Amino acid sequence: FPVTIGKEGRDTRNSTIKYSLDGLTWSNSSCPAATPMINAETVAWNGNQFVVGGSHGIFSANQGGSTFTAATLPTGFTNFSTTSIVWNGRNYLAFGVGRGPSFRSTLFSVNGTTWTAQAALPFTGTNISSIKASWNGWQYVAFATADPAVSPLMATSFDGITWSSGNVNGFTAAAGAAAWNGLNWVGAGNSVGNELKLSSDGITWTNASSGDFTANACIVTGK
C-alpha cells in the first residue's frame with residue numbers, strides 16, 4: 001500500500017497525502033480538517049503503519065494509508081516542524097525544529113501516535129533549519145541544514161541517544177539525505193558541486209560523482 005506526500009494547487013503551503021493499492025491508481029487520504037498537513041516532508045512505514053510529518057506535527061495512518069489522525073505531541077510542540085521520521089524496527093525517531101521547547105528536537109514513539117521528547121540531540125547549533133536522518137539496521141546517520149547556509153553538519157548514532165560528529169568532507173553546503181544499499185551509505189547533497197558521496201561507516205565520505213547535483217531525497221534499490 002504505497003503512500004505519497006506532496007503539494008497541490010497554487011498554494012504550495014498546502015500538502016496532500018495520497019494512497020494506492022497498486023501504485024497506479026491514487027486516492028486522497030482522509031486527514032483531520034482542523035489540523036491541516038502543511039509542507040509535508042517525511043513519511044515512515046513500520047510494516048503495519050504509516051507515519052507522516054510536516055510543519056503542523058505528526059500524523060499516523062492505518063495499514064492502507066486511507067485515514068490519518070493527528071498524533072499526540074509533548075506540551076509546547078504545537079509549532080514543531082518534522083523534517084525526518086525513522087523506524088528502526090522497534091520504535092520511531094522524529095527529527096525537526098520549532099520554537100520554544102521544540103527547538104532542534106528529537107521525539108521518540110513506540111506506536112507512532114504518542115510521542116515524547118528526548119533530551120539527547122544530534123545537533124546543538126542555533127541556526128538549524130532542517131534535519132534529515134536515516135537508519136541502516138544498526139546506525140543512524142543525520143544531516144543538518146543551517147539557515148543561513150553554512151557548512152553542513154553531520155552526526156551518527158547507534159542508539160539514537162548518544163551522537164557523534166561525522167566528517168562532512170566534500171559536502172559544500174546542505175546535505176539532502178542519505179540511504180544505505182547494504183554495503184555503503186550514499187549521501188546526496190542539494191548544492192552545486194560534488195554532492196553525491198559514499199561512506200562505509202557513515203563518518204568519512206568520498207566523492208561518488210562530479211558535476212552539479214541537487215537532491216532532497218536519496219533512495220537505494222539494491223547493491
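In which sense do strand 12 (residues 128-135) and strand 13 pair, and over how many bridges? The two strands pair in the antiparallel sense over seven bridges. Strands here are DSSP runs (E, at least two residues) numbered from the N terminus, and two strands pair if DSSP finds at least two bridges between them. The structure is a predicted model, in which local features need pLDDT of at least 70, side-chain atom pairs count only at pLDDT 80 or more, and totals for chains, interfaces and linings use all residues. Residues are numbered from 1 along each chain as its sequence is written, and side-chain values use heavy atoms, with hydrogens and water left out.

Within this pairing, Trp135 has Tyr140 of strand 13 as its bridge partner. Four residues lie between the strands of the hairpin, and Gly137 there takes a positive phi near 115°. Strand 13 is also joined to strand 14 (residues 153-157) by five bridges, again antiparallel, with Val141 opposite Thr156.

Seven of the seven residues of strand 13 (residues 140-146) are buried, so this strand is largely enclosed by the rest of the structure. Buried means under 20% relative accessible area, with a 1.4 Å probe and protein chains only. In a regular strand the side chains alternate between the two faces of the sheet. In strand 13, Tyr140, Ala142, Ala144 and Ala146 are buried on one side, and Val141, Phe143 and Thr145 on the other.

A further sheet is open and has four strands in the order 8-9-10-11, with antiparallel pairing. Strand 8 (81-87) and strand 11 (116-118) are its edge strands, each pairing on one side only. Strand 10 (residues 105-109) pairs with strand 11 over three bridges, and Thr106 has Gln118 as its bridge partner.

Key:
Buried means under 20% relative accessible area, exposed over 50%, partly exposed in between (1.4 Å probe, protein chains only).
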